[in-house]
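Please read it with the model open beside you.

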Amino acid sequence: MKFKYTILAAAALCTMASCNTNRTATTTMGQVKTETLGQTEGVISHVLYGEWTVANVGETAVTGENRPYMIFDKSGTNPFIVNCYANDGCNTINGAFAVTPGGSMKASGEMASTLRMCADAPYEMAVSLALRNVRSYKIEQVGRDYLLYFIGENGNTLMTLRKSDISFINGAWKVAKIGQQDVKADSEAEMVIDIAELKVHGNAGCNVLNGNLYIAPDKQNSLQFRDLVTTRMTCPDIATEQALLVALEKVETVTPGTDNDTAYLNDAAGNTLVVLKRLNLK
């Protein structure tokens, strides 16, 4: 049986520095409804599962690249008892949450934690307390991002987590355009993007390409290419390869086209650097 979850109050917004982008999709914002059994199971299946980055603990903003995080997984047999593990900046915490209609959420049993001592873990205690004291939750959607609020017994927000959904960029792609220049149809410039592993590999047009991906936790549609390396062959179309590598180093965001077969890699100002077309490989 399939369930649907509802997003309320869709609106066109200029958020998170997206006003300057040339490829800005309509940004929606609204609360995800979890009032009924069907809505709740739908939200668990389609939104809650996956990795969330801790954005705020209480009123304190969490900063830095290596942040506390939480992963809800699908290993449970009861759809309303959601297994999870988290990292509080020092220790790993394992447990489960009972999630029921009306926005109720509470730890189901004890939360087990490793017992490491860390010299620099400023959010450790607050994250651990939030996981143990959460009584309800709320999820909002902002563009392609979701915000998950852990709420305590007195209605205060204990912790805010964020998840970006750029799964549309997963898969194999052909480079169709670099800047304003169309890439030749017979070019070998292709790449496979793996968001789960944060890896990219393929061919830059002449040489084999490999590298890492980074998703900035505070930036909508964030995608950066890092540590790119290639083999060192030369070929007649080496200029196209060099242009592609220069462009990839400047990429800050990715936005989808009007279908699932086009993606735009943009710089910090929102200017499109590379246009990708999906390869439907068997």
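1. Start with Ser-222. This residue sits in the loop between strand S16 (208-214) and strand S17 (224-230). Strands are DSSP runs of E with at least two residues, helices are runs of H or I with at least four, and both are numbered from the N terminus.

2. A word on the source. This is a predicted model: local features need pLDDT of at least 70, side-chain atom pairs count only at pLDDT 80 or more, and totals for chains, interfaces and linings use all residues. Residues are numbered from 1 along each chain as its sequence is written, and side-chain values use heavy atoms, with hydrogens and water left out.

3. Is Ser-222 buried or exposed? Ser-222 is buried, because its relative accessible area is 1%. (Buried means under 20% relative accessible area, exposed over 50%, partly exposed in between, with a 1.4 Å probe and protein chains only.)

4. Look at what surrounds Ser-222. Leaving out residues up to four places away in sequence, Ser-222 touches Ile-166, Tyr-214, Ile-215, Ala-216, Glu-252 and Thr-253. Contact here means heavy atoms within 4.5 Å. A polar atom of the Ser-222 side chain lies 2.7 Å from the backbone nitrogen of Ala-216.

5. Next, Tyr-49. Its loop lies between helix H1 (37-48) and strand S2 (50-57). Tyr-49 is buried, with a relative accessible area of 17%. Lys-74 is 25 residues from Tyr-49 in sequence, yet their C-alpha atoms are 6.9 Å apart.

6. Last, Asn-87. This residue belongs to strand S5 (residues 81-87). The Asn-87 side chain reaches the backbone nitrogen of Gly-89 at 2.8 Å.

Notes. A polar contact is a pair of N or O atoms within 3.5 Å; within protein, one must be able to donate a hydrogen and the other to accept it, and residues adjacent in sequence count only if both atoms are side-chain atoms.
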